[in-house]
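Open the model in your viewer and keep the selection panel at hand. The stops below say what to pick and what is found there.

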Amino acid sequence: QVQLVESGGGLVQAGGSLRLSCAASGRTFSRYAMGWFRQAPGKEREFVAGISRSGDSTYYADSVKGRFTISRDNAKNTGYLQMTSLKPEDTAVYYCAVRPTDSYEYDYWGQGTQVTVSS
């Protein structure tokens with residue numbers, strides 16, 4: 001079992017920045033790849049960004065490429081999502097999740113943190 005707790009969400013004006021954190025406990029965080037997802041009201045959950053177990057590979061949805069940066073600190077069992085140049089369409093509940101490196105399915109999810117971007 002891995003427990004994940006997101007933090008850092010809030011209300012920000014368009015053009016602003018936020019950094020989300022994902023604190024992991026339980027099994028060794030460094031054994032898992034990590035991803036961030038989001039779900040806006042009335043929409044399906046979508047992938048935002050992913051990072052490899054070691055942190056040397058990252059990938060992003062086209063909608064956030066160049067604005068968001070995913071990172072992790074395995075020594076602190078924490079992942080991050082730095083969000084800049086935020087837009088109202090980035091408003092959503094953001095979730096972190098982890099998956100074993102030999103699987104494409106994310107097994108463990110946090111409870112989510114709300115990000116609201118005002119215009």
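Which residues form one aromatic cluster? Select Phe37, Phe47, Tyr59, Tyr106 and Trp109, which make up that cluster. Bear in mind that this is a predicted model. The structure holds six aromatic pairs.

Begin with Phe37 and Phe47, an edge-to-face pair with 5.6 Å centre to centre and 75° between the planes. Phe37 belongs to strand β4 (residues 32-39) and Phe47 to strand β5 (residues 46-51), so this pair ties together parts 10 residues apart in sequence. Phe37 counts as buried because its relative accessibility is 10%, under the 20% limit. Phe47, at 28% relative accessibility, counts as partly exposed.

Tyr59 lies in strand β6 (residues 58-60), 12 residues from Phe47, and the pair links distant parts of the chain. Tyr59 is partly exposed, with a relative accessible area of 33%.

Next, show Arg45 with Trp109. The charged end of Arg45 sits over the ring of Trp109, 3.8 Å from its centre.

Now turn to the sheet. Select β1, β3, β8 and β7, in that order: these four strands form an open sheet with antiparallel pairing. Its edge strands, β1 (2-7) and β7 (68-73), each pair on one side only. From one strand to the next the twist averages 15°.

Zoom in on β7 and β8 (residues 78-83), which pair over six bridges in the antiparallel sense. Here Thr69 stands opposite Gln82 in β8.

Last, select Arg72 and Phe29: Arg72 lies over the face of Phe29, 4.2 Å from the ring centre.

Definitions and conventions. Residues numbered from 1 in each chain as written. Predicted model: local features only at pLDDT ≥ 70, side-chain atom pairs only at ≥ 80, totals over all residues. Heavy atoms only, no water. Pairing = 2+ DSSP bridges. Helix = DSSP H or I, 4+ residues; strand = E, 2+ residues; numbered from the N terminus. Axes fitted to C-alpha atoms, helices over the stretch in contact; angles between N-to-C directions. Phe/Tyr/Trp six-rings, centres within 6.5 Å; stacked < 30°, edge-to-face > 60°. Buried < 20%, exposed > 50% of the residue type's maximum accessible area, 1.4 Å probe, protein only. Lys NZ or Arg CZ within 6 Å of the ring centre and 35° of its normal.
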